[in-house]
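Let's work through a few exercises on charged side chains. Grab a pencil and take the steps one at a time.

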Amino acid sequence: MNRFESCNFTNQTIRIDHGAYKDCVFTSCTIEYGGEGPISLVDCTFDRCHWRLVGAAINTIRFLQTM
């Protein structure tokens with residue numbers, strides 16, 4: 001698992017699968033989650049970010065919508 005602590009991310013696309021983030025700040029980022037691995041978000045701040053589900057995560061949402 002990739003570990004990040006007290007990092008600042010600005011204007012980036014961040015794939016959070018397999019990531020552990022602690023005390024990080026995300027500003028104007030696109031946050032992608034693919035449902036492919038564990039994540040940890042502890043005391044992080046998200047400012048003007050967009051969330052995007054991709055891969056297995058979006059497939060799961062689509063499946064649940066059909067149920």
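**Salt bridges, step by step**

Asp47 has a relative accessible area of 33% and is partly exposed; buried means under 20% relative accessible area, exposed over 50%, and partly exposed in between (1.4 Å probe, protein chains only). You're looking at a predicted model, where local features need pLDDT of at least 70, side-chain atom pairs count only at pLDDT 80 or more, and totals for chains, interfaces and linings use all residues. Residues are numbered from 1 along each chain as its sequence is written, and side-chain values use heavy atoms, leaving out hydrogens and water.

**Exercise 1.** Find the salt-bridge partner of Asp47.

*Solution.* Start with the rule: a side-chain nitrogen of Lys or Arg must sit within 4 Å of a carboxyl oxygen of Asp or Glu. Asp47 meets Arg48 this way, at 2.8 Å from N to O. Now check Arg48: with 55% relative accessible area, Arg48 is exposed.

**Exercise 2.** Work out which parts the Glu32 and Arg52 pair ties together.

*Solution.* First, the distance: the closest N and O atoms of this salt bridge are 2.9 Å apart. Next, Glu32 lies in strand β6 (residues 30-33) and Arg52 in strand β9 (residues 50-53), so the pair joins parts 20 residues apart in sequence. Strands here are DSSP runs (E, at least two residues), numbered from the N terminus. Last, Glu32 is buried at 13%, while Arg52 is partly exposed at 41%.

Methods. Helix = DSSP H or I, 4+ residues; strand = E, 2+ residues; numbered from the N terminus.
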